[in-house]
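Visitor: Hello! Could you walk me through this protein model, one question at a time?

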Amino acid sequence: MIRPGLVSITFRSLSPKHIIELAARAHLEGIEWGSDVHVPPGHPALARELAKMTKEAGLATAAYGSYYRVGNEPADLFPRIIEAALTLETKIIRVWPGHMGSDQADAAARFRVTEDALRISAQAAAAGLKLACEWHGGTLTDTAPSAQILFADVDHPAFGAYWQPHRFMPVEECLVDMNAAKPHLLGLHVFHWDVHTGERRPLSDGESAWREYLAAAAPALPEGSFALLEFVKDDNPAQLLTDAQTLRNLLTATAEQAH
């Protein structure tokens, strides 16, 4: 069954302790800890303490959410990211496939991303880890054709993907878009934005869409993968509790349908 979790940067202003308490109250099972605020690379004592706190609350570290821009970072940064992921006791590092959209990236930019992706994928694999690319605007996964080129060029077993719906994209197109991620899928980022205005909405407003997304993704996801809540309406912790209930119900229904 797909496991429900939380992306910590949903609440950048909250302390890790508060986030852990909130995730436990919401009956979630894991947290993707972000590297920009909560667990920066190069702070092993902090990562050890956070790993301990997370486990003691009965939660797993679903992933280390790095802000590593593949092809655009100093070579000595990624070993520190690997160290943080291992200390947090997770198997997945989130990375960003480049720093520009596919309509701006020329052949040289794509080559830099591909070469670096191969380099860090080898480092991750040697440490027993996998990489999950953001499926995001402003990167080389901003369209399905561009993402397919990226994964064909990298072609490394440790180089995988998260998936999330693109902003302003209708459900039918999102389902087609997901097909490009499925062979590489490691998890999902879950939220609901109004497709016309981009306004953040309660997850329950997008329940029918996520029922379809989860049904499509479930057969492709490895056992024990996470669907991670992100971008709650008004950044309100109380909204997380409601969204978590919606997500848990959706995941239960998805598992029942699979059987």
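This is a predicted model: local features need pLDDT of at least 70, side-chain atom pairs count only at pLDDT 80 or more; totals for chains, interfaces and linings use all residues.

Visitor: Is strand S2 largely enclosed or open?

Guide: Let's look at its two sides. Gly30, Glu32 and Gly34 are buried on one side, and Ile31 and Trp33 are buried on the other. Five of the five residues in S2 (residues 30-34) are therefore buried, where buried means under 20% relative accessible area. So the strand is largely enclosed by the rest of the structure.

Visitor: Which residue of S2 is the bridge partner of Leu6?

Guide: Strand S1 (residues 3-7) pairs with S2 in the parallel sense, over three bridges. Together with helix H1 (residues 16-25), these two strands form a right-handed β-α-β unit. The S2 residue that partners Leu6 is Ile31.

Visitor: How many bridges pair S2 with strand S3?

Guide: Gly30 stands opposite Ala60 of S3, and Ile31 stands opposite Thr61. S2, helix H2 (residues 44-56) and S3 make a right-handed β-α-β unit. S2 and S3 (residues 60-69) run parallel, and their bridges number five.

Visitor: What is the bridge partner of Tyr64 in strand S4?

Guide: S3 is mostly covered, with seven of its ten residues buried. Three bridges join S3 to S4 (residues 92-96), and the two strands are parallel. The chain passes from S3 through H3 to S4 in a right-handed β-α-β crossover. Tyr64's partner in S4 is Ile93.

Visitor: Which helices and strands do the buried residues of helix H6 pack against?

Guide: In H6 (residues 171-181), the buried residues are Cys174, Leu175, Asp177, Met178, Ala180 and Ala181. In general, an α-helix has 3.6 residues a turn, so residues three or four places apart point the same way. The buried residues of H6 pack against strands S6 (159-163) and S7 (185-190), and against helices H5 (144-154) and H7 (207-217).

Conventions
Residues are numbered from 1 along each chain as its sequence is written. Side-chain values use heavy atoms; hydrogens and water are left out. Buried means under 20% relative accessible area, exposed over 50%, partly exposed in between (1.4 Å probe, protein chains only). Helices (H or I, at least four residues) and strands (E, at least two) are DSSP runs, numbered from the N terminus. Two strands pair if DSSP finds at least two bridges between them. A crossover is right-handed if, with the strands pointing away from the viewer, the path from the first strand over the helix to the second runs clockwise. Contact means heavy atoms within 4.5 Å.
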